[in-house]
Amino acid sequence: MLFALLAATRGCGVRRIGRTLLVHDAGAYREALTRIPLDRTAAGTTGAAAREALAGAGGVLFDQEGSGHRADRRDLADGLGAAGVERLRALWRPLLAERLAPLGRGGEVDLVALAAEVSGSAVCALLGCGADPSAVARAAAAAAAASVRGHLPGPPRPGARAAAARTSRELRELLAGSGAGDGALAAMLAVAAVNTTVAALPRAVAWCADAGLWGQAGDPELLPRLADELLRVTAASPVLPRAAAADGTAGGCPVRAGDRLVLVARHAAGAHRRGPDALDPAPPAEAHLVFGAGPHACPGARLARAQLADVLAGLAPYRPVVVRARADRRAALPGWRVLTVRAGAA
């Protein structure tokens, strides 16, 4: 119902419904994220969900402002900067070669399982964590899904809070027991990195296969632009729920303190208007809106582009086709539970 409402109103840059503003326009979206003071802990926002997912812990990046937020982002900068991502690539490229090899023998590969292993390996390397990457990925996915179920509209779901607390505790215990520490930031990094990767990567591969873009994926010059384009149209986090902490404006529409802002990332990035094409890509300023804007833009954007580019490069020689797909109805973000591919025609 929510996505039907968003689709029906996307022709209007900003639409007010009571105390809620639906923001589709790129300029208004950017203005809301950079010029309107936001309440990072308000109910129904990403920050509140993140805090609850980690059993009430504070300081989880999404709910921070000021010096604490800047300090935590600086701590992430080394691991998620250009040099840090290149170090991680040296870890996951051999893994990709091994996991994709069955395609050359007529076998099949589940891209969801592969995305979980790649993201879990990257998280463990970033945190200096000795846990099994697949176990970390499963725990991070379960924690996010339990938190989201507790925030769905409607009457309270029996056991939702208990499930969120239990899955959060299991994730933090897994990370702490393997040397990553028991901090909320480590758990939040695992939740964010795993869930966005598992949501976006298989969907991007499926789009590439459906649209016949393997020629672009196999061109080293076009590949980075294709990865950007596929991330733009898949928009792993298609909607950013926020709350205004003070009065302001978004796209000329007055915003009052306490208003809820539903920022539609995929509409702001033009995903509904144009498909992915590395030969005619959207401007970077538009494409990168799926990662947010301003001081709270996603610090893992470079990591996401590198992971997807390497997966596409590994798949391109096989020109795979999708043979099995099942949606994940319980995941925190829209995605597949199973997406199986096999090599296509040369």
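Two strands are taken to pair if DSSP finds at least two bridges between them, and strands (E, at least two residues) and helices (H or I, at least four) are DSSP runs numbered from the N terminus. The model is predicted, so that local features need pLDDT of at least 70 and side-chain atom pairs count only at pLDDT 80 or more, while totals for chains, interfaces and linings use all residues. Residues are numbered from 1 along each chain as its sequence is written, and side-chain values use heavy atoms, with hydrogens and water left out.

The protein chain holds 14 helices and 9 strands, and 48% of its 346 residues count as buried, a term that stands for under 20% relative accessible area, with exposed for over 50% and partly exposed in between (1.4 Å probe, protein chains only).

On the surface, Leu2, Phe3, Leu5 and Ile17 form a nonpolar patch with about 370 Å² of accessible area together. Such areas come from the Shrake-Rupley method with a 1.4 Å probe, and for residues only the protein chains shown count as cover. Patch members have over 30% relative accessible area and no salt bridge, with like charges joined within 9 Å and nonpolar side chains (Val, Leu, Ile, Met, Phe, Trp, Tyr) within 5 Å; a salt bridge is a side-chain nitrogen of Lys or Arg within 4 Å of a carboxyl oxygen of Asp or Glu. Helix H1 (residues 2-9) gives the largest share of the patch, 3 residues, and leucine 2, found in helix H1, is partly exposed at a relative accessible area of 47%.
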